[in-house]
Amino acid sequence: MKLEEMFATRADRLKASEIRELLKLLDQPDIISFAGGIPDPALFPAQAFQAAYAQALDAEHQAKALQYSVSEGYLPLREWLAEHMAGIGVPCDVDNILITSGSQQALDYLGKLMLSPGDTALVNWPTYLGALAAFNAYEPRFDRLDLGVNHGVSDYAERAEAAGGRVKFAYLSADFSNPTGETVDAAGRARLLDMAETLDCAIIEDGAYQALRYDGEAIQPILAMELAQKGDLEACRTIYCGSFSKTLSPGLRVGWIVAAKPVIAKLVLMKQAADLHSPTINQLAIHGVAEACFDRHVSNLRAAYSARRDAMLAALADHMPEGVEWTKPEGGMFVWITLPKGMDGAALLDRAIREERVAFVPGGAFFADGSGINTIRLSFSNSGEAAIVEGVSRLGAVLRRALSD
Ligand code: PMP
C-alpha cells in the first residue's frame, strides 16, 4: 500500500517552493538577508511579555490561563480589540470578533467557509503567498483583481461561471501589502466596494500591516468605508483580518477576524472543530501587553522601521542599475523590485547568495499564475541600516554583472 494513494485531490496542490532550499542557507552569519518578512526580534516587547506571563501564571490567574477556554476568544482581549477597531473606524461588538491563531488561520478558515471547488477568488497579481496557499487547499481558481479605473466586472463573473463556480470573494492587503509594500488609495477601495456590490461577493481585507504606517495620511480600512456607507456592520460584506504578529509578536500566534455576526457564528463552529480555541495563556499575555504598551510600542516600531525603509530607498537610488524599478512604501516591511524584462529573480538569488552573500525572495511565487519572474521582494524590517546599505550595494554589484553577461 502506498499512503500517497490515500491523499485527497486537494493534497496535489500542496507544493514546497523550489526556493526553500536556497533560503535554508540564510542562517550563515556572513549573509545579509532581505528574505524573511519577519519582525526584528531585538524590538520585541520582551519585558512586557515577561510581566504579562508572570501575571497570567500568578495565583489569581493561573487556573484560567492554563485551562480550556471559549472558541470565540478571551473576552477581555476581544473587548480591547473592539476598542482598537473603533479607533480605526470600525466600532463593533465583541460578538463581531473571533480570536484566531494568527491571521493565517483566519485566511484558512475563510477559504474553508466560502470556497467550493471551482469557485473563484480574486487576488492581486502579486499577492501574499500564504493567502494563495491557504485558499488553494479548497480548490478554487484565482482571477486577477484589478482595481484600475477600467476593470471589467462582468468579465470576472463570466469567467467564474465558465469555470463552474462563482466569485466568492476578493482578497487583498490594502495597506503596505506583502509583497509589494503598496497601499490601495481611498478611490481604489471605493471601486473595490462597488465591484463587490455588483459581483455580490465578499471582501477579505487583510490588515496584517495596518498599524505600521511611517508617513502619509492613514486611509480608512475598507470595512470602515463600507460601515460608513451602510451604517450597520451586519450589512457589510467586508471581513477584516487583523494580527498581533507584526506589532507585538508572531510567536504567540494571535490574530482576529471582524465580521457580521452570522459569519463569526459559523467561524466559531469551525474553530471548535479545528482547534477548540487559540492558546488561552497567549491570549492573556497579548492582552496584558496590549493594555500595558500597544501604542507606545508601535510608535517605537514605526521609528525603527521607517529609518530602515529610508536607508533601503536611499541605497537603492545609489546602487541600482538603469532599468530597475522599485516601490516606495509608506509603511510595512517590504520594497518590491521589478528587474528588466527577461531577468529571472530566482536565478539572480542563486547568484546573489553565491557571489555576494546577499539574499531576497524571488517574486514569481507571489503570482497565482506563476508570472512575474523578473521581480524580487526585499524586506527591510530585520536588518540594521548599515547592513541594509551594504546589502543593497552587493545586490547592485551582482545585478550589474548579471546585466552585462
Ligand atoms: N497576511 C499577510 C499579508 C502576511 O504578510 C502575513 C505573515 N507574513 C500573514 C497574513 C499571517 O500572519 P500571522 O498568521 O502571523 O498573523
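These questions and answers go through how the terms used for this predicted model rest on its values.

Q: How are residues numbered, and what limits apply to this predicted model?
A: Residues are numbered from 1 along each chain as its sequence is written. Local features need pLDDT of at least 70 and side-chain atom pairs count only at pLDDT 80 or more, while totals for chains, interfaces and linings use all residues.

Q: How do you know that the radius of gyration agrees with a compact globule?
A: The radius is taken over C-alpha atoms, and the globule rule is 2.2 Å times the number of residues to the power 0.38. For 405 residues the rule gives a value near 22 Å; the protein chain has 22 Å, so the two agree. Along the principal axes, the C-alpha atoms fill a box of roughly 60 × 60 × 55 Å.

Q: Why is strand β6 called largely enclosed?
A: A residue is buried if 20 or more other C-beta atoms lie within 10 Å of its own, exposed if 12 or fewer, and partly exposed in between; C-beta atoms are placed from the backbone. In β6 (residues 202-206), five of the five residues are buried, so the rest of the structure largely encloses the strand. A202, I204 and D206 point one way, I203 and E205 the other. Across the protein chain, 47% of the 405 residues count as buried.

Q: What makes β6 a partner of β5 and of β7?
A: Two strands pair if DSSP finds at least two bridges between them. Four bridges join β5 (residues 167-172) to β6, in parallel. Four bridges also join β6 to β7 (residues 238-243), again in parallel. A170 has I203 as its bridge partner in β6, and D206 stands opposite C241 in β7.

Q: Which way does the chain cross from β6 to β7, and what decides the hand?
A: The chain passes through helix α9 (residues 222-230), and this β-α-β crossover is right-handed. The test: with the strands pointing away from the viewer, the path from the first strand over the helix to the second runs clockwise.

Q: How do you know that the buried residues of α12 share a side?
A: G345, L348, L349, A352 and I353 of α12 (residues 345-356) are buried. They cover an arc of only 130 degrees around the axis, which puts them on the same side. That arc is of the directions from the helix axis to the C-beta atoms. On the other side, A347 and R354 are exposed. Just after α12, R357 takes a positive phi of about 55 degrees.

Q: What do the buried residues of α6 pack against?
A: In α6 (residues 129-136), A131, L132, A134 and F135 are buried. Their arc is only 165 degrees, which puts them on the same side of α6. They pack against α5 (102-114), β3 (120-123), β5 and β6. Contact means C-beta atoms, placed from the backbone, within 7 Å.

Q: What makes β9 and β12 edge strands?
A: The open sheet runs β9-β10-β13-β12, with antiparallel pairing. β9 (325-326) and β12 (361-362) each pair on one side only. β12 pairs with β13 (residues 375-379) over two bridges.

Definitions and conventions:
Two residues are in contact if their C-beta atoms, placed from the backbone, lie within 7 Å.
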